[in-house]
Amino acid sequence: MAGVEVDALNFSFDILKKNTIAENAALKINRVPIQAQCNKCGKIFTVESYNFFCPECDGILILKSGRELLVEFVDCE
């Protein structure tokens with residue numbers, strides 16, 4: 001849900017690092033599951049198949065995680 005196509009990001013990274021000082025760099029991606037909370041009953045759970053209605057009461061969900069895009073660190077010499 002972060003709007004990142006992982007295959008395209010990896011492909012672009014590999015192309016851009018060629019013949020540069022970063023040629024041996026690695027891209028490490030940690031996927032965060034989509035967590036949501038029902039605005040009606042308050043239940044918190046992992047969203048499956050992009051179904052944004054509560055499986056308990058059919059309430060509408062509020063996203064809690066899964067939309068993040070964070071570069072934690074760049075390690076270089």
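I started with Lys17, which is buried at a relative accessible area of 16%. Here buried means under 20% relative accessible area, exposed means over 50%, and partly exposed lies in between (1.4 Å probe, protein chains only). The model is predicted, so I note the limits: local features need pLDDT of at least 70, side-chain atom pairs count only at pLDDT 80 or more, and totals for chains, interfaces and linings use all residues. Residues are numbered from 1 along each chain as its sequence is written, and side-chain values use heavy atoms, with hydrogens and water left out.

**Helix 1**

I looked up the partner of Lys17. The side chain of Lys17 meets that of Asp14 in a salt bridge, 3.7 Å from N to O. The rule for a salt bridge is a side-chain nitrogen of Lys or Arg within 4 Å of a carboxyl oxygen of Asp or Glu. Asp14 is partly exposed, at 38% relative accessibility. Both residues sit in helix 1, 3 residues apart, or about one turn of the helix. An α-helix has 3.6 residues a turn, so residues three or four places apart point the same way.

I then checked the helix itself. Helix 1 covers residues 6-17, 12 residues in total, and reaches 17 Å from its first C-alpha to its last. That is close to the 16 Å expected at 1.5 Å a residue; the expected span is 1.5 Å times one less than the number of residues. Helices (H or I, at least four residues) and strands (E, at least two) are DSSP runs, numbered from the N terminus. Asn19 follows helix 1 and has a positive phi, near 60°.

**The other salt bridge**

I searched the whole structure and found 2 salt bridges. Glu56 and Lys43 also meet through their side chains, at 3.8 Å from N to O. This pair links distant parts of the chain, 13 residues apart: Glu56 is in the loop between strand 2 and strand 3, and Lys43 is in the loop between strand 1 and strand 2. Glu56 is exposed at 55%. Lys43 is partly exposed at 34%.

**Strands**

Next I traced the pairing, where two strands pair if DSSP finds at least two bridges between them. Strand 1 runs antiparallel to strand 2 (residues 44-46), joined by 3 bridges. Gln35 has Thr46 as its bridge partner in strand 2. The two strands form a hairpin with 5 residues between them, and Gly42 in the turn has a positive phi of about 85°. Strand 1 also pairs with strand 3 (residues 61-65), antiparallel over 4 bridges. There, Cys38 is partnered by Leu61.

**Ser65**

Ser65 lies in strand 3. Is Ser65 buried or exposed? Ser65 counts as buried because its relative accessibility is 16%. Leaving out residues up to four places away in sequence, Ser65 touches Val32, Pro33, Ile34 and Gln35; contact means heavy atoms within 4.5 Å. A polar atom of the Ser65 side chain lies 3.2 Å from the backbone oxygen of Pro33.

**Rings**

I looked for aromatic pairs and counted 1. Tyr50 and Phe52 form this tilted pair, 6.3 Å centre to centre with 50° between the planes. Rings of Phe, Tyr and Trp (its six-membered ring) pair if their centres lie within 6.5 Å; planes under 30 degrees apart count as stacked, over 60 as edge-to-face and the rest as tilted. Tyr50 is exposed at 56%. Phe52 is partly exposed at 26%.

Methods: A polar contact is a pair of N or O atoms within 3.5 Å; within protein, one must be able to donate a hydrogen and the other to accept it, and residues adjacent in sequence count only if both atoms are side-chain atoms.
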